[in-house]
Amino acid sequence: MSGRVLVGVKRVIDYAVKIRVKPDNTGVVTDGVKHSMNPFCEIAVEEAVKLKEKKLIKEVVAVSCGPQQSQETIRTALAMGADRGIHVDVSGKDYENLGPLQVSKILAALAKQEDAQLILLGKQAIDDDCNQTGQMTAALLDWPQGTFASEVSLEGDKINLVREIDGGLEHIKINTPAVITADLRLNTPRYATLPNIMKAKKKKIVTVKPADLGVDVTSRLEVLKVEEPPQRQAGRV
Amino acid sequence: MHTDIFYIQVLRAGVRCGIRLQSSSTATASATASSSSPAPPLGFSFELTDQQKEFQQLARRFAREEIIPVAPAYDKSGEYPFPIIKKAWELGLVNGHIPQEYGVLKLDTLNTAFENLICSSLFSGGMGLSSFDSCLITEELAYGCTGMQTAMEANSLGQMPVIIAGSDAQKKKYLGRLTEEPLMCAYCVTEPGAGSDVAGIKTRAVKMGDEYVVNGQKMWITNGGKANWYFLLARTNSDPKCSASKAFTGFIVDADTPGIQIGRKEMNMGQRCSDTRGITFEDVRIPKENVLIGEGSGFKIAMGAFDMTRPPVAAGATGLAQRALDEATSYALERKTFGKVIAEHQAVSFLLAEMAMKVELARMAYQRAAWEVDQGRRNTYYASIAKAFAGDIANQVASDAVQIFGGNGFNSEYPVEKLMRDAKIYQIYEGTAQIQRLIIAREHLGRAKK
């Protein structure tokens, strides 16, 4: 067992920003808008770093798919305690059309390449709310999956997981290697300390292209229109 | 899990080299080192490096999530915000000026190789941050609460004489202490009878054998009741004709030295959670090892510290002003009068415009002052301009914010009255507004006469 964990981190529009639809209705305005790490990805990074601190795993590798700016998101993960980063360079039209299917193919390829024991992801991204990448990645690798995890504990080569589901809490035990997706109550992400931010500069980020991993990022989906929800009308008493 | 205290010279040397690239940089030099901003062709640049942006983000998040929720309660009770200071210390947001050689890294280690360090280290080593980086952090923390930020900043003021004038042994002992635990220190110069007129202080230090015996009274000492040690300025030459530059000596005094009486916590108009006290020295014995540089060098050291600490004070005032502007702006976009949001009334929008002008200019002023000292130049002129301007506009902007809130602004349920009370001290401490003008005039005319 390599003791290596792959953590996927996505660069999304910051949760506090007021989203605006572009005038041509093809998407939302992203230029000049504040971006940060998807909150569920932060929780995933925190869980990975915690496992490393408990000495249950040996190395945390942060992965992000996107343009040059995705490296900032990886840096944040490094400042929180990840050991190194992999930036999968996807930009322009490919990036606009990047969705869970392509990302899960990329993650599956990386998991094999890096001999990962565990893949930790956020349960969903706050920009597209797809909630698919974790599940698809597990399926592509034929690995067990523990989604919506609110508690994770490693027991030998198995994982005990508590999942938050509609009916309540589900306790499962899965084999490793596995894919886990983090839900809100899994942990509270730490602040990166100032010294860790400085140390993070020394950690390596390697850039690869999807083609290097043998992944085709063309999308099978086409966005027809993006529009705002109807304005809320005043109520009547 | 036990903690190993692990001295990592290699790490420190490595990080120090990395930091020196950043710290002595203007945004221009470091822009080439950063990954996403291109090197500016004009030389002058307002761009922050990626690392500076990350520091700023950390401090901003800390202020909004940790400081702002609890600040009103601390203001009401006046209780010292030690839990917040401790958290800030753990994140490395305090004691940024301590050079890296004088810190100790406490780590949970798997084995002794650096590569296996687990990152939940309670890092407390000195970070040797540049003045600019420290000011960025200070502004963000002050945005949350200037009372808490002053308590943290008083540490910088107390340390500065040791950083600029301490011997290696003194630095290791007294600065090292601050990096091992969240301890505070204080700058003990002002007296009931002498504030601006530092040369008029009367606290006497008489040499007796290998010790100095100190008698006197200090007043308005920030962190007075919480400090582990003080920087003390006392008169060692009793000849009234002796010039100020030779008559005073700087000492490091442990707070538990017998004879030190700590006065009651003073109830102030603003920054109420900060601990301000009078301190009485009665036959306090200080070993001669604790003299900074030598007898008679105190005045220069005490004044030299200000060039480093005035930019952060200006940054604090700017943070307060920014907070006042933000609060007033969001209120103005919500409150409706005469059929529209008040921001659409020109009287209010003009107020907001002038507040914005002042905040932006104060920011540029402190950044210039900090940048100058990081370039290795004497920054007295810029530091005084920044402090004077930022202190004045903080008061104006906070008062205007209360005005925009109207009746609500006067009330303690809304955040702006606290800002107005907190702002006043920025025109008083670290050199009053009037003293700053004296300094600026002297510097300005000095240049004109050349």
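Let's start with one pair of residues: B:Ala186 has B:Tyr230 of strand β6(B) as its bridge partner. Helices and strands here are DSSP runs numbered from the N terminus, with at least four residues (H or I) for a helix and at least two (E) for a strand. This is a predicted model, in which local features need pLDDT of at least 70 and side-chain atom pairs count only at pLDDT 80 or more, while totals for chains, interfaces and linings use all residues; side-chain values use heavy atoms, leaving out hydrogens and water. Residues are numbered from 1 along each chain as its sequence is written, with chains lettered from A and ligands numbered from 1 in the order in which they are written.

Strand β3 of chain B (residues 184-188) and strand β6 of chain B (residues 227-235) run parallel, paired over five bridges. Pairing is called when DSSP finds at least two bridges between two strands. How many of the five residues of β3(B) are buried? Five of the five are, so the strand is largely enclosed by the rest of the structure. Buried means under 20% relative accessible area, exposed means over 50%, and partly exposed lies in between, using a 1.4 Å probe and protein chains only. In a regular strand, side chains alternate between the two faces of the sheet. On one side of β3(B) sit B:Met184, B:Ala186 and B:Cys188, on the other B:Cys185 and B:Tyr187, and all are buried.

## Chain B as a whole

Stepping back, chain B has 14 helices and eleven strands. Of its 450 residues, 58% are buried. Taking contacts between residues at least 6 apart in the sequence of chain B, 76% join residues at least 24 apart; a contact means heavy atoms within 4.5 Å.

A UniProt annotation from an unreviewed entry, "domain: Acyl-CoA dehydrogenase/oxidase C-terminal", covers residues 296-443 of chain B. UniProt positions are given in the numbering used here, feature names are shortened, and annotations may be inferred rather than shown by experiment. That span of chain B, residues 296-443, is 74% helix and 3% strand, and its end C-alpha atoms lie 25 Å apart.

## How confident is the predictor?

For the complex, the predictor gives an ipTM of 0.81 and a pTM of 0.85. Chain B has a mean pLDDT of 87, and 86% of its residues reach 70 or more. This score is the predictor's confidence in each residue, from 0 to 100.

Where pLDDT is low, the predicted coordinates should not be read in detail.

## Loops worth a look

In chain B, the loop between α2 (27-31) and α3 (50-67) holds B:Ser45. B:Ser45 is buried, at 19% relative accessible area. A polar atom of the B:Ser45 side chain lies 2.9 Å from the backbone nitrogen of B:Glu47.

Most residues other than glycine have a negative phi, and most peptide bonds are trans. B:Gln271, however, has a positive phi near 50°. B:Gln271 sits in the loop between β8 (260-265) and β9 (276-287) of chain B, where it is buried at 6% relative accessibility. B:Phe338 also has a positive phi, of about 50°, and is found in the loop between β10 (336-337) and β11 (340-341) of chain B. Is B:Phe338 buried or exposed? At 80% relative accessibility, B:Phe338 counts as exposed.

## Over to chain A

The UniProt annotation "domain: Electron transfer flavoprotein alpha/beta-subunit N-terminal", again from an unreviewed entry, covers residues 25-217 of chain A. This span of chain A, residues 25-217, is 32% helix and 30% strand, with its end C-alpha atoms 23 Å apart. A cis peptide bond, with omega about 0°, joins A:Thr176 and A:Pro177. A:Pro177 lies in the loop between β9 (168-175) and β10 (178-182) of chain A.

How many disulfides are there over all chains? The count is zero, where a disulfide is a pair of cysteine sulfur atoms within 2.5 Å. For A:Cys65, the nearest cysteine sulfur is that of A:Cys41, 11 Å away. A:Cys65 is buried, with a relative accessible area of 14%. For A:Cys130, the nearest cysteine sulfur is that of A:Cys41, 13 Å away, and A:Cys130 is partly exposed at 27% relative accessibility.

Note on methods. Polar contact = N/O pair within 3.5 Å; in protein donor to acceptor, adjacent residues only side chain to side chain.
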